[in-house]
Amino acid sequence: KQTEFRNFPMVPRVVFGKGSFNQLGEILMPKRKHSDAPFIFLVDDVFENTELAKRIPLIFNDQIIFISAEEEPKTAQVDALVDKIKREYQDLPSGIVGIGGGTLLDLAKAVSILLTNNGSSSEYQGWDLVQKPAIFHVGIPTISGTGAEVSRTTVLLGPDKKLGINSDHTTFGQVLLDPDLTQGVSKEQWFYTGMDCFIHCIESLTGTFLNAFSQSYGEKALELCKEVYLGDLPAEESRDKLMMASWHGGMSIAYSQVGVAHAMSYGLGYLLGVKHGIGNCLVFQHLEEFYPEGVNLFNKMKEKHNIELPTGICANLSEAEFETMISVAMNMVPLWENALGKNWRDTITPEKLESIYRKI
Ligand code: NAD
Ligand code: ZN
């Protein structure tokens, strides 16, 4: 599979700029099919009763659905949202708009796919299983780092796996990047989600799958991360730059792959529900053996912003639980191949992974 050249979809339209959210109504108008085909806005519930919610350009029978990002998206949650929308409207919506972090962006992508493809979302977790185009979907990030705004995947926790729906139909049809929307994010969350981007860069730039396409985006994203987390930028410039770092970081891994931290973080996420951003940080701090320069930079950033990572996460796990986590991580074969090459199993054994997990 790796020898093929991937014909990779990009977001066809993107708006960037402070205050660009005010243009949303105008952007959606030509995409409205008719007055009975609504836009459904899936919005992070931190925005309930806020100024931002009031600025959402509702007309006709449009609807806002507030959703908590406390837990990462689940296949059953996607299926329930799709059922609700189908039940409440006779016509398919004109589009789905996701407003929030990676959690809400991924939900919007998945719901738009499942509105036109039958069955449960869990049947589409994997690579290129989606047959029909999704309905029009728009991504509006309110926190920067995951790259979910550009990626061709939506990561879902299913009944028996945590895996993305990777397809050409997953990518957004429109993205709106308004750095002002990221203003309310707490310092800790800003760090964890931003470090997701930083780790994408390190894993892509040091990986065996690296090529000039990925490198060009990865280097730019890394440079922006360093400015944001090690420099002393004014707040507004910092928000602008982190939003573009996220975009470039996402583009970088689109044509390569992530690595060790992501593989192991998936294990933590599956077993313990540890969220993607913090999970990556928890693992990455112990990976100096694989990413010496990256871990050194990470520690500097962590110190500069006085971030204390939680400890003892794996302290009381049973052998069976370690086994589950290790098997989820080891199943991420392309990630290990990218990180360490075809012979990755020479270095990565269950014992090795357990010794790293035990430090967390
Ligand atoms: P998130 O969406 O999980 O949100 C994190 C926290 O920040 C939540 O409490 C949320 O309410 C809060 N928040 C978001 N915007 C805010 C704002 N402007 N003000 C105040 N609070 C705000 O965060 P995330 O790290 O962006 O996303 C993680 C998810 O993204 C995971 O589910 C992960 O699997 C997924 N992900 C997807 C991709 C992809 O390519 N599809 C890539 C990486 C991660
Ligand atoms: Zn990531």
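Which helices each supply at least two residues of the shell around ligand 1? I looked this up in a predicted model, where local features need pLDDT of at least 70, side-chain atom pairs count only at pLDDT 80 or more, and totals for chains, interfaces and linings use all residues. Residues are numbered from 1 along each chain as its sequence is written, while chains are lettered from A and ligands numbered from 1 in the order in which they are written.

**Ligand 1**

I found α4 (102–114), α5 (187–205) and α9 (276–284) as the helices in question. Helices (H or I, at least four residues) and strands (E, at least two) are DSSP runs, numbered from the N terminus. α4 gives the most, with four residues. I noted 31 residues around ligand 1, the closest being Gly-101, Gly-102, Thr-103, Ser-151 and Gly-184; a residue is near if its C-beta atom, placed from the backbone, lies within 6 Å. Domain 1 (14–182) and domain 2 (187–359) both give residues to the shell, so ligand 1 lies between them. The domain bounds come from an automatic or database domain assignment.

**Strand β6**

I then checked β6 (residues 137–141), where five of five residues are buried (20 or more other C-beta atoms within 10 Å of the residue's own, C-beta atoms being placed from the backbone). His-137, Gly-139 and Pro-141 point one way, and Val-138 and Ile-140 the other. Strands pair if DSSP finds at least two bridges between them. Five bridges join β4 (residues 95–100) to β6 in parallel, and Gly-100 stands opposite Pro-141. Two bridges join β6 to β9 (residues 174–177), also parallel, with Val-138 opposite Gln-174.

Definitions and conventions. Buried ≥ 20, exposed ≤ 12 C-beta atoms within 10 Å, placed from the backbone.
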